[in-house]
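Subject: Handover of a structure model

Dear colleague,

Please find the structure below, passed on to you for your own work. My notes on the chain interfaces and on selected parts of one chain follow.

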Amino acid sequence: MCGIVGLFLKSSALEPTLGKHLSAMLSALSDRGPDSAGFAIYRNPAPRGSIKLTLFHPEADYGWDHLVRELSEETGTSVRGEPRGSHFVLTAAMPVETARHWLSHHRPDVRIMGVGDCIELYKEKGNPRDVVRRFRLNELAGSHALGHTRMATESAVTTQHSHPFSTGLDLCLVHNGSLSNHNRMRQWLGRHGIDFQTDNDTEVAAGYFTHLLGEGATLEEALKSGISDLDGFYTFAIGTKDGFAVVRDPIACKPAVLAETDEWVAMASEYRAIAHLPGAERSRLWEPSPATVYSWKKH
Amino acid sequence: MPRSTKTTPAAPSPAANPRGHREHASFPPVVVAEIQRAAREGIYDIRGLGAKRRLPSFDDLIFLGASISRYPLEGYRERCATNVTIGSRFAKKPIELKIPITIAGMSFGSLSANAKEALGRAASEMGTSTTTGDGGMTEEERRSSTTLVYQVLPSRYGHDPDHMRRCEAIEVVVGQGAKPGGGGMLLGLKVTERVAGMRTLPVGIDQRSACRHPDWTGPDDLEIKIAELREVTDWEKPIYVKVGATRVKYDVALAVKSGADAVVVDGMQGGTGATQEVFIEHVGIPTLPAVRQAVEALQELDMHRKVQLIVSGGIRNGADVAKALALGADAVSIGTAALIALNCNAPLFLEDYAKLETAPGYCHHCQTGRCPVGVTTQDPKLEARLDPSLAAQRVRNYLSTMVLEAQTLARACGKSHLHNLEPEDLAALTIEAAAMAGVPLAGTDWIPGRGGA
Amino acid sequence: MIEVDIESLGVRGLNERFHRLPPDTNERAWKLTNPKGAHALAVGLDRPLTIEIDGHVGYYCGGMNKQAEITINGHAGPGLAENIMSGVVRVKGNASQSAAASGRGGLVVIEGDASSRCGISMKGVNIVVGGSVGHMSAFMAQAGHLVVCGDAGSHLGDSIYEAVIYVGGDVASLGSDCIEKPMTEKHRAKLKRILAAAGVSASPERFRRFGSARQLYNFKVDHAAQY
């Protein structure tokens with residue numbers, strides 16, 4: 001069980017403080033998710049023809065500079081990177097498949113956490129307050145972000161098992177709840193080409209959405225299918241390149257609060273996490289209905 | 001809710017098949033009778049008590065008493081202490097028990113008032129606790145029991161903050177061994193005026209119950225609920241979380257993360273006043289592996305002995321108590337065994353057992369409300385057959401016996417406190433028990449699933 | 001009027017302060033500020049206090065309340081006034097799920113909307129909602145009255161016992177064993193009294209009454225599908 005948060009800025013004036021606000025949201029939900037934390041933040045769009053990958057390696061002083069140089073030399077393209085805690089955001093002027101291919105051949109022990117034009121995805125074991133500090137989330141600017149604090153129910157507490165899970169380009173998923181048919185679903189998805197790193201139920205949901213989106217479904221269609229195909233209790237928040245979506249299962253026991261002002265839309269498992277946002281006291285506050293997809297997009 | 005149903009007849013003994021007709025192992029007489037009953041009645045069978053089928057249990061473990069490498073303690077003269085403290089983690093007033101055996105939650109409604117009183121008196125004399133049940137606290141129970149644990153259940157029948165504040169501890173019941181994932185059940189005959197009044201139900205109806213709590217689902221929200229209970233009671237009382245044994249490792253870890261002071265794990269042998277037979281026999285794991293998994297979960301969080309573990313489900317004698325403690329439990333809880341000490345299945349009023357189509361030793365008809373010995377009934381005439389004083393004495397004697405038995409075994413292993421019993425004092429007699437308890441098969445170093453030979 | 005900043009005193013300090021008040025206390029009027037969604041505010045009270053909370057509260061505000069009158073000038077999280085025994089808990093804004101869960105007495109007023117499971121397992125409390133309620137409201141409701149001036153979500157009154165539901169607007173669907181029942185003068189008079197006690201103005205004429213069909217009180221094989 002866990003806490004989930006999402007913050008979508010309607011006004012670019014608030015973009016410099018996105019990380020600061022998300023950090024406070026995550027800290028507010030540390031009690032319900034003390035084991036690990038993670039967030040996906042959409043910022044610094046990559047130049048046309050480039051791709052951003054968030055990478056992770058458990059070694060403290062991993063040779064990221066070396067990786068950047070090697071990749072750049074071998075592909076003859078422009079590559080740069082930015083370390084942040086135990087993660088590294090690589091921007092490379094090449095198609096995504098080229099980058100993936102190179103990494104799996106030359107750096108198989110480097111984990112790819114998230115890929116896209118804008119997304120940066122960070123997650124780690126530890127109390128959420130410590131995790132956001134280590135990633136210096138406070139200083140990050142961006143247009144929108146999702147976050148998660150984890151209380152592991154059935155699978156292990158590791159970096160890999162933490163949320164968000166990346167489901168595709170600029171896509172990510174956070175989940176509060178507990179699925180009940182994920183094991184069978186994982187096997188089925190495995191036979192349809194989805195690879196899994198963990199035994200985590202959320203990863204299965206992420207894989208399910210990736211699969212449907214890959215087959216051409218829109219985000220709304222994929223989430224609607226999920227309502228009938230995924231069994232169990234859940235509030236899902238999904239991040240996309242230009243917005244986010246929220247959906248609850250038909251029984252809707254897990255909490256979810258939505259708040260909206262002229263400046264932002266926020267989502268959280270508890271109002272406490274939203275309370276400190278500027279203008280929260282006057283925001284429109286409501287709860288998403290069960291089995292209904294809610295989504296917001298930048299225009 | 002279904003009406004009370006008749007029993008299936010007992011399987012005939014070999015003497016009843018002198019001509020040697022071929023028996024059918026998949027369809028023995030008990031199964032045949034049950035299919036025929038289902039065909040007549042169109043509804044699942046409902047009964048009381050716990051799993052009746054044979055299971056790997058504490059019987060399959062033995063103690064390695066002292067010999068040359070270990071030295072025993074002298075009985076009586078050399079102390080073997082039995083006390084235990086529950087709730088040291090957060091509560092201002094942890095509970096001190098003189099013996100590591102408590103009386104499990106059983107509702108007034110399921111049990112008669114005389115039964116509850118007798119249990120309370122016995123527990124008080126022995127310096128241990130009793131527990132309310134689904135339906136709330138009675139005054140008789142509060143008066144007779146010096147240490148009373150107040151259950152908070154999915155139904156919230158009779159839930160009263162004043163009662164909660166008058167008790168010594170709080171037990172949030174997520175589930176019980178007889179029916180993990182199920183809610184309470186009380187059939188119409190037992191929903192008398194008094195019971196109905198306490199539970200805010202119409203008299204005589206079959207009580208339907210919720211299986212989830214109304215105001216929280218999941219350990220993240222349980223944490224907030226536990227915090228509320230602490231606030232209501234000014235952080236004084238230890239808060240237990242009780243689960244039926246299924247995914248024990250996850251559940252115990254989550255109970256700890258939710259802020260519990262103690263965890264109660266009830267194996268599939270755990271009893272009930274009434275539930276579907278299929279639930280009792282086919283859901284949940286036995287107590288033996290549940291204890292080991294619960295202790296491992298606590299150890300992995302470095303919470304063993306800091307969050308206390310109380311184990312229940314088929315605890316019957318001092319050997320079971322000692323073995324549960326050796327595997328790492330802080331205390332055990334008894335339900336069915338306490339009822340038997342009261343008089344459940346005693347060979348008295350035989351014609352009334354016969355009316356229920358059963359016999360002493362086989363009866364599990366708590367759900368009918370026609371308990372021949374007055375333990376699980378609301379009928380005053382039947383209840384009168386249970387004298388609270390005499391019954392209290394029986395339970396006290398039984399508890400004393402269990403403690404002495406446990407001490408005997410502990411002393412034989414050289415322990416001056418029951419808590420110093422360890423898994424290394426045990427060996428297993430079967431492969432299943434070795435695997436489940438995490439204890440080597442006697443005469444070998446082999447724990448199935450963990451290597452060695 | 002005693003003013004307390006919840007952020008400074010803390011929830012625990014505040015509840016302890018309330019619990020320590022003598023039965024005949026003259027410290028009866030309180031204003032609490034900066035709740036910021038905190039949980040378990042003003043729980044387990046048993047004094048004739050009047051408490052105003054300025055802001056939004058988290059879970060279980062007013063839980064197990066006795067005697068006190070609590071007004072929340074904002075929204076409330078899940079389990080508002082759960083198991084209330086007596087007294088009044090009023091929310092000016094909206095309430096999250098399981099409002100007044102298992103409430104045994106007293107009055108809970110939600111001037112805005114209540115979410116799912118409003119009045120779940122209620123055991124005698126009266127609940128008045130100025131707006132609408134979500135799905136599974138009055139689930140297993142045993143006693144008391146749930147008055148909804150707006151609409152009710154799906155599965156209203158599923159598995160209901162003897163509680164009575166009045167709805168002014170639309171009902172998405174009824175739960176197991178919950179049926180519509182006739183409204184008589186007696187019912188309208190009762191409804192009028194409850195609305196007046198809640199200080200909510202609505203005309204009893206437009207309300208419909210719902211309650212138990214009582215078909216599940218004793219199990220019958222033919223009703224097995226409803227389980």
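The contact between chain C and chain A takes 15 residues from chain C and 18 residues from chain A, where contact means heavy atoms within 4.5 Å. This is a predicted model, in which local features need pLDDT of at least 70 and side-chain atom pairs count only at pLDDT 80 or more, while totals for chains, interfaces and linings use all residues. Residues are numbered from 1 along each chain as its sequence is written, chains are lettered from A and ligands numbered from 1 in the order in which they are written, and side-chain values use heavy atoms, with hydrogens and water left out.

Chain C and chain A bury about 1,200 Å² between them, and carbon and sulfur atoms give 48% of this area. Buried area is the accessible area (1.4 Å probe) that two parts lose on being put together, summed over both. The interface has zero salt bridges, a salt bridge being a side-chain nitrogen of Lys or Arg within 4 Å of a carboxyl oxygen of Asp or Glu. Ten residue pairs are in polar contact, both residues at pLDDT 80 or more. A polar contact is a pair of N or O atoms within 3.5 Å; within protein, one must be able to donate a hydrogen and the other to accept it, and residues adjacent in sequence count only if both atoms are side-chain atoms. The side of chain C that touches chain A consists of two nonpolar, eleven polar and two charged residues. In this scheme Ala, Val, Leu, Ile, Met, Phe, Trp, Tyr, Cys and Pro are nonpolar, Asp, Glu, Lys and Arg are charged, and the others, Gly among them, are polar.

About 3,400 Å² is buried between chain C and chain B, 54% of it on carbon and sulfur atoms. Four salt bridges are counted between these two chains; one salt bridge joins the side chains of Arg156(B) and Glu82(C), at 3.5 Å from N to O. The rule also finds 20 residue pairs in polar contact across this interface, both at pLDDT 80 or more. Helices (H or I, at least four residues) and strands (E, at least two) are DSSP runs, numbered from the N terminus.

Within chain B, helix 10 (residues 318-326) has eight of its nine residues buried, buried meaning under 20% relative accessible area (1.4 Å probe, protein chains only), exposed over 50%, and partly exposed in between. The buried residues of helix 10 of chain B pack against several elements, including helix 9 and helix 14 (388-412) of chain B. Asn317(B) caps the N-terminal end of helix 10, with a side-chain oxygen 3.2 Å from the backbone nitrogen of Ala319(B). Just after helix 10, Gly328(B) takes a positive phi of about 125 degrees.

Helix 9 of chain B contains Ala290(B), which counts as buried because its relative accessibility is 1%. Beyond four places in sequence, Ala290(B) touches Ala245(B), Val248(B), Val265(B) and Ile285(B). Glu296(B) lies in helix 9 (residues 287-300) of chain B and counts as buried at 18% relative accessibility.

Yours sincerely
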